[in-house]
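Please read the text with the sequence and the coordinates at hand.

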Amino acid sequence: MTREDTEDDDASVITRSRREPGLFAVIFDRHARHIHRYLVRRLGPAAADDVLADTFLIAFAKRAKFDVARPDARPWLYGIATNLVSRQRRAEVRELKLRLAVGPPPAEAGHDEHVADRVSAQALGERLDRALAALRPGERDVLLLVAAEGLGYAEVAEALAIPVGTVKSRLSRARHRVRAELGAFDLVKETSDHG
């Protein structure tokens, strides 16, 4: 890598990286910290590293399709990262839905009660899916971290780089909206001791 490589705009570097793949490291060096910071805000620090790696792997694989009329690659990279965040969130919703559909381990209930519980849980899962999809992303982040991951308010605040008060207000709004969708069932009733 030469000084010229580090002074060229992103479009020039990406164009040249099609013949010299190692030059794509310049793009990573320039933008990885920005994309990582964004991913930490969207997903928390644990998931951000993996999604950052995936973002640059996809960008590298698709560098031939990069619009070289755009000198700055950051918007393109943010777009890839945002798509990966959305994909990860859909997976979280499916996992939460699955947990609810499966329900708690069966107690001493008979077969009929067990079947009725599963049918109820499946119907609830569809409603929950709609309720989660209707939440604002920040509210969904907080609700899933508290309800699905079992984090306390301070842990969620740290994960999302937001104040604890914001966690509480987002969780309150999310609870209200989910209750409205689900009726009597309270998704986060079990988590009311957090904080």
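From the N terminus on, the elements of the protein chain run α-α-α-α-α-α-α-α-α, which comes to nine helices and zero strands; helices (H or I, at least four residues) and strands (E, at least two) are DSSP runs numbered from the N terminus. This is a predicted model, in which local features need pLDDT of at least 70 and side-chain atom pairs count only at pLDDT 80 or more, whereas totals for chains, interfaces and linings use all residues. Residues are numbered from 1 along each chain as its sequence is written, and side-chain values use heavy atoms, with hydrogens and water left out.

Of the 195 residues in the protein chain, 37% are buried, where buried means under 20% relative accessible area (1.4 Å probe, protein chains only). Among contacts (heavy atoms within 4.5 Å) between residues at least 6 apart in sequence, 61% join residues at least 24 apart.

A nonpolar core is here a set of buried Ala, Val, Leu, Ile, Met, Phe, Trp, Tyr and Cys residues joined through side-chain atoms within 4.5 Å. The two cores are set out below.

| Core | Residues in the core | Members include |
|---|---|---|
| Largest nonpolar core | 26 residues | Ile-27, Ile-35, Leu-39, Phe-56 and Leu-77 |
| Second, separate core | 17 residues | Ala-131, Tyr-153, Leu-171 and Ala-174 |

The residues named for the largest core are those with the most contacts inside it. The elements that give two or more residues to this core are α2 (10-17), α3 (24-43), α4 (45-61) and α5 (74-102), and α3 gives the most, with nine residues. Leu-39, not counting residues up to four places away in sequence, touches Gly-44, Ala-48, Val-51, Leu-52, Thr-55, Ala-81 and Val-85.

The axes of α3 and α4 come within 8 Å and cross at roughly 140°, with axes taken as lines fitted to C-alpha atoms over the stretch in contact, and angles running from 0 to 180 degrees between N-to-C directions. α3 and α4 are therefore oblique to each other, since angles under 35 degrees count as roughly parallel, over 145 as roughly antiparallel, 65 to 115 as roughly perpendicular and the rest as oblique. Among the residues that make this contact are Phe-24, Ile-27 and Leu-39 of α3 and Pro-45, Leu-52 and Phe-60 of α4.

Tyr-38 also lies in helix α3. Leaving aside neighbours within four places in sequence, Tyr-38 is in contact with Tyr-78, Ala-81 and Thr-82. Tyr-38 and Leu-52, 14 residues apart in sequence, are 9.6 Å apart in space, C-alpha to C-alpha.

How values were computed: Buried < 20%, exposed > 50% of the residue type's maximum accessible area, 1.4 Å probe, protein only.
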